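The entries follow the order in which I looked things up.

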Amino acid sequence: VNGIELTEQIRERFPTVRVLISTASMSPEDIFAAMDAGADGYVLSGNNKGLELAIRSVKLGTVWLDPGIATQVLDAMV
C-alpha cells in the first residue's frame, strides 16, 4: 500500500492515532489526497527542522503543513 492508503487504514482502525506524512512530493494532488485520507500533517523529506516542528505540532493536536508547500495549498484553494 502507499502512504495515502495506509493513512486511510490507520484512521479506520485507530481513529485517535495522529498521522504525519513525510514525503518528497509537492504535488497539490498528493497533498490534498493525504489530508483527505486523514493525515494530520504533511512535511517534506529532508526538512529536518520542519520534521521536528511537525512532530511536535501533530502530537499536540494541530494540523501541520510544511512551509514549502503552504503557498501551493493556498493557491490551489483559490
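Entry 1, helix α2 against helix α4. I looked up the contact residues (heavy atoms within 4.5 Å) and found that Pro-28, Ile-31 and Phe-32 of α2 meet Ile-69, Gln-72, Val-73, Ala-76 and Met-77 of α4. By class, this contact has seven nonpolar residues, one polar and no charged. I counted Ala, Val, Leu, Ile, Met, Phe, Trp, Tyr, Cys and Pro as nonpolar, Asp, Glu, Lys and Arg as charged, and the others, Gly among them, as polar. The axes of α2 and α4 (residues 67–77) come within 10 Å and cross at roughly 85 degrees. Axes are lines fitted to C-alpha atoms, for helices over the stretch in contact, and angles run from 0 to 180 degrees between N-to-C directions. The two helices, α2 and α4, are therefore roughly perpendicular (65 to 115 degrees).

Basis of the entries. The model is predicted: local features need pLDDT of at least 70, side-chain atom pairs count only at pLDDT 80 or more, and totals for chains, interfaces and linings use all residues. Residues are numbered from 1 along each chain as its sequence is written, and side-chain values use heavy atoms, with hydrogens and water left out. Helices (H or I, at least four residues) and strands (E, at least two) are DSSP runs numbered from the N terminus.

I noted an angle of about 15 degrees between α1 (residues 3–13) and α2, with their axes 8 Å apart. That makes α1 roughly parallel to α2 (under 35 degrees). In α1, Ile-4, Thr-7, Glu-8 and Arg-11 meet Asp-30, Ala-33, Ala-34 and Ala-37 of α2. The residues of this contact divide into four nonpolar, one polar and three charged.

Entry 3, the sheet. Which order do the strands take? I found an open sheet of three strands in the order β1-β2-β3, with parallel pairing (at least two DSSP bridges between two strands). The edge strands are β1 and β3 (64–65), each pairing on one side only. Four bridges join β1 (residues 20–23) to β2 (residues 41–44), and Ser-22 has Val-43 in β2 as its bridge partner. Strands β2 and β3 pair over two bridges, and Gly-41 stands opposite Trp-64 in β3. Helix α2 packs on the sheet, touching β1, β2 and β3, and its direction makes about 145 degrees with that of β2.

Note on methods:
Parallel < 35°, antiparallel > 145°, perpendicular 65-115°, else oblique.
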